[in-house]
Amino acid sequence: MLTFKNVSKSFGKIQALEDISFEVDEGEFVFITGPSGAGKTTLLKLILRQLLPDKGEIILEEKNITNIKKRDIPHLRQQIGVVFQDFKVLYERTLKENVEIALAVINFPRKEWDARVEHVLQLVDLHERDNLFPSQLSGGELQRLSLARALVVNPKIILADEPTGNLDWETADKIMDLFEKINDEGKTIIMATHHKLIIDKMKKRVIELKDGKIKEDIVVKKPRSKKTQDE
Amino acid sequence: MNIHLKTAGDHIRRAPFQALAAFFVLTITFFVVTTLSILVYSSGQALRFFETRPQIIAFLKDEVTPENISGLQNKLQEDVRVRKTVYVSKEEALEIYKKATADNPLLSELVSPAIFPASIEVQLADLSYAQELIEDLKKQEVVDSVGFTANLGGEDTLSQAVNKLRTVTWYIRVGGGVFAAVQVTTSLLVLMVIIGMRMTTRRGEIEILELIGATSSFIRRPVVLEATIYAVGGVFAGWFLSFVLILYATPSLISYFGDIPILPKDTLQLTYLFGIILAAEIVAGLLLAVIGSLLAVSRAKS
């Protein structure tokens, strides 16, 4: 579903990513981990076409997204659900409107909005708070709202950048349960995190970055097996 | 409600003073534009009234034959100094006299067509030819005497009056045009400043929308709609104020200017004139809104 082929990206003299290659299959749950500055967020930004690689190719659904035109970037992003550490919700709109706006962006038929919104808000357990404003919610609820907005457009892939970074352990655990549930339904998830406890608990594939390179690509099964980058 | 319209409405509600500033500036602009349009129309009408009325009247001798008359008329028609000629028979002259003295029937009761001379009314291509043509007409055998538009006096007075009117009309058109252009530019700048401020306060929202795949037109739409609300609101308010003012002043203006049709005397025609102005202003307002908001958006995005 997603392929990185020898992707490199630098910012001036800083090499953020160097010759990165990996593949993600449909329905996979992949953690991108590593210390701060390892290149996790850069990698996600490349998939979202917020950045362009200096070298290499990124193939999403058989389409090289590194050479799509600027006017096609919104269309690419409409196929990707994004969840951010700082939630990035619209504070002047209600929960329901926050989710609806994602449907408006993809030009989804207006008469089907209510059913879709109701469904995802139920999934993230916010359906009884749909008329509240984000300022009236806790951090965990905001992250669930962010996830609902990502899910409502039925994306091919969900990118999550440190989604538990601003949450306490208990809330983070609940959010991760939600991600797992969504993954079980067949959604591909790529999550950047350095939350070791979560990674260990989830037992999913882990791509560890260090200084812009892949240090390890571990497919965690029970028991753990190791897949090197050369494979 | 449409999501973009709701967004535009929310922006207006959240910053009511900015919205009011934009609305008032546009109202003043379109009030001035409407009033100036009427002024331009009226001055044009007045000028046309004086320019198209006969300026020289050649009174014909009683013994002239129809052949003589048509001979003179044909000669005048071929003259480049002449725009138009009209033959007025003795009977028609009597009718004109009767009409002019309608408020005093005694004056017309005792007169017969015989005492009125037939005449040829001449409209000049340019008033500077008047003196020359009068002299030429005086030399014609069939012409008894030559007169000028009575209520304007001699050819000098007539020429001065029309020239003065032309100058006034020119000043109204050019001066009014410049003034209206300044007003429209001010409105455009105010719209751009307000929309620019809106874009700055929405920077975070725009970033989020771009990340979830919003196209540029999706982001621009509420902004353009907001500017359109100000512009259309300003057009209607400005136009309505001017309409009420002119409607109120019309009876006095019409009675002051008498025969000069500076404004349509029929209310329906006046409304029609204002309708045309409103339609043109709506188009101008929409253009102003679209141009202003798109410029502001592109500036904010760059």
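A patch, as I use the word, is made of residues with over 30% relative accessible area and no salt bridge, where like charges are joined within 9 Å and nonpolar side chains (Val, Leu, Ile, Met, Phe, Trp, Tyr) within 5 Å. The areas come from the Shrake-Rupley method with a 1.4 Å probe, and for residues only the protein chains shown count as cover. A salt bridge is a side-chain nitrogen of Lys or Arg within 4 Å of a carboxyl oxygen of Asp or Glu.

Some notes on the model. This is a predicted model, in which local features need pLDDT of at least 70 and side-chain atom pairs count only at pLDDT 80 or more, while totals for chains, interfaces and linings use all residues. Residues are numbered from 1 along each chain as its sequence is written, chains are lettered from A and ligands numbered from 1 in the order in which they are written, and side-chain values use heavy atoms, with hydrogens and water left out.

Now the patch itself. W170(B), Y171(B), V174(B), V178(B) and V182(B) make a nonpolar surface patch of about 520 Å². Y171(B) sits in helix α7 of chain B, residues 155-201. Helices here are DSSP runs of H or I with at least four residues, strands are runs of E with at least two, and both are numbered from the N terminus. Is Y171(B) buried or exposed? Buried means under 20% relative accessible area, exposed means over 50%, and partly exposed is in between, with a 1.4 Å probe and protein chains only. Y171(B) has a relative accessible area of 55%, so it is exposed.

Next, the sheet in chain A. Its four strands run in the order β2-β1-β4-β5, forming an open sheet with antiparallel pairing. At the edges are β2 (14-24) and β5 (63-64) of chain A, each pairing on one side only. Two strands pair if DSSP finds at least two bridges between them. Strand β1(A), residues 2-11, is joined to β2(A) by seven bridges, and L2(A) has V24(A) as its bridge partner in β2(A). Helix α1 of chain A, residues 40-47, packs on this sheet and touches β1, β2 and β4 (55-60) of chain A. Contact means heavy atoms within 4.5 Å. The direction of α1(A) makes about 120° with that of β1(A); axes are lines fitted to C-alpha atoms, for helices over the stretch in contact, and angles run from 0 to 180 degrees between N-to-C directions.

In chain B, look at strand β3, residues 119-124. How many of its six residues are buried? Six of the six are. S119(B), E121(B) and Q123(B) lie on one side, with I120(B), V122(B) and L124(B) on the other. Strand β1(B), residues 56-60, is joined to β3(B) by four bridges, and A58(B) has I120(B) as its partner. Strand β2(B), residues 82-88, is joined to β3(B) by six bridges, with V86(B) partnered by E121(B).

Last, salt bridges. Over all chains the structure holds 28. One of them joins E18(A) and K213(A), with the closest N and O atoms 3.9 Å apart. E18(A) is in strand β2 and K213(A) in strand β10 (residues 213-219) of chain A, 195 residues apart. In chain B, K90(B) and D62(B) form a salt bridge at 2.9 Å. K90(B) lies in helix α4 (residues 90-100) and D62(B) in the loop between β1 and α3 (66-78) of chain B, so the pair ties together parts 28 residues apart in sequence. Finally, E92(A), E97(A), K6(B), D10(B), R13(B) and R14(B) are linked in a network of salt bridges.
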